[in-house]
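Me: Here is the structure I would like to discuss. Could you take me through some of the helices and aromatic residues?

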Amino acid sequence: MNKGNFLLLLAAAIWGFSLVAQKAGMDSMGPWSFTAVRCLLGGICLIPVAIYLDIKKKGEQPDFDAKADTLHAIKPAFWCFIFLEGTIMFQQYGLLWTGVGKGAFITAFYIFLTPLFGLFLKQKPGRRVWAAVLIAMLGLFLITMTGPMSAADKSINFGDFLMFLAAFAYAGYIHSVDRAGVWNIAKLSAIQFFMISIFSFVPALIFEPGDISPANCMSGLIPILYAGVISASVGFTLQMVGQRYTKPSVASIILSSETVFSLFAGWISFHEILTPMEYLGCGVMVVAIALAVAPEKENEQSK
């Protein structure tokens with residue numbers, strides 16, 4: 001496993017455990033408010049890192065213009081913001097109509113959509129990657145769709161459509177990160193989070209008045225800190241760095257292991273017992289990831 005794959009797996013682990021924090025954080029404020037606060041915190045935490053990298057670059061390259069570099073990062077950060085904001089809010093509102101397990105499985109279609117989009121971007125995933133995609137989808141089906149089904153899980157509804165849009169959005173996000181072309185990842189990530197925070201703050205004021213208050217922030221301080229500092233600033237920055245060394249199609253499969261880590265987070269935090277099918281699904285996911293990250297043969301398509 002190369003460095004990029006390891007960083008992506010670490011990001012997936014962080015996001016899997018972040019579901020616990022997000023669940024707890026929503027006890028003190030609504031989804032728009034929570035998103036605005038956590039992303040603002042995530043962006044602030046990345047500012048010192050971005051400044052340090054600029055100073056280091058200036059020392060290595062005296063004619064480096066930090067201001068021009070920041071302006072250059074705004075356009076790719078905007079596209080990352082569009083797709084990531086879409087992913088977050090389509091999921092959040094989709095859950096109002098559909099079940100969690102069904103929603104997670106539908107969103108996971110980004111595993112298939114990512115290499116499909118790659119075909120239009122002149123990327124050609126090999127047969128091994130497509131096999132890994134199908135195996136990963138089977139693993140996610142076993143994890144999310146083999147337990148007791150709610151009424152929302154038994155019919156197709158508007159929430160399912162929103163979850164499918166979230167899958168499209170996240171596949172777009174993966175490709176936006178891949179094509180960003182910005183060397184200062186911390187700067188790109190920080191700008192992205194500030195955009196999300198600003199965009200989320202307006203509907204928070206309209207639909208969730210009073211949620212963003214010192215009292216609510218202190219009440220949900222630990223979840224906000226984890227979701228903002230660890231999940232947002234660290235997790236998404238790890239994804240951006242990891243994708244520099246990994247194909248988008250392979251990255252999507254590795255990142256889908258977030259579902260496996262979320263199961264273990266529930267087991268550790270809430271003592272939730274895994275079913276035999278969930279254990280089998282985890283094993284299938286491991287096989288899919290191992291197949292995806294296996295060393296390529298010389299005649300396989302390059303990125």
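**Contacts and aromatic pairs**

Reply: H175 touches T114, F117, G118, L121, Q123 and P248, leaving out residues up to four places away in sequence; contact means heavy atoms within 4.5 Å. This is a predicted model, in which local features need pLDDT of at least 70, side-chain atom pairs count only at pLDDT 80 or more, and totals for chains, interfaces and linings use all residues. Residues are numbered from 1 along each chain as its sequence is written, and side-chain values use heavy atoms, with hydrogens and water left out.

Me: Is H175 buried or exposed?

Reply: H175 counts as buried, at 4% relative accessibility. Buried means under 20% relative accessible area, exposed over 50%, and partly exposed in between (1.4 Å probe, protein chains only).

Me: Where does H175 lie?

Reply: H175 lies in helix 7. Helices (H or I, at least four residues) and strands (E, at least two) are DSSP runs, numbered from the N terminus.

Me: And which residues is A171 in contact with?

Reply: A171 is in contact with Y110, L113, T114 and F117, setting aside neighbours within four places in sequence. A171 also belongs to helix 7, residues 158–178, and is buried at 0% relative accessible area.

Me: Changing topic, how many aromatic pairs are there?

Reply: The structure holds 19 aromatic pairs. Rings of Phe, Tyr and Trp (its six-membered ring) pair if their centres lie within 6.5 Å; planes under 30 degrees apart count as stacked, over 60 as edge-to-face and the rest as tilted. The F105 and F141 rings have centres 5.7 Å apart and planes at 70°, so that pair is edge-to-face.
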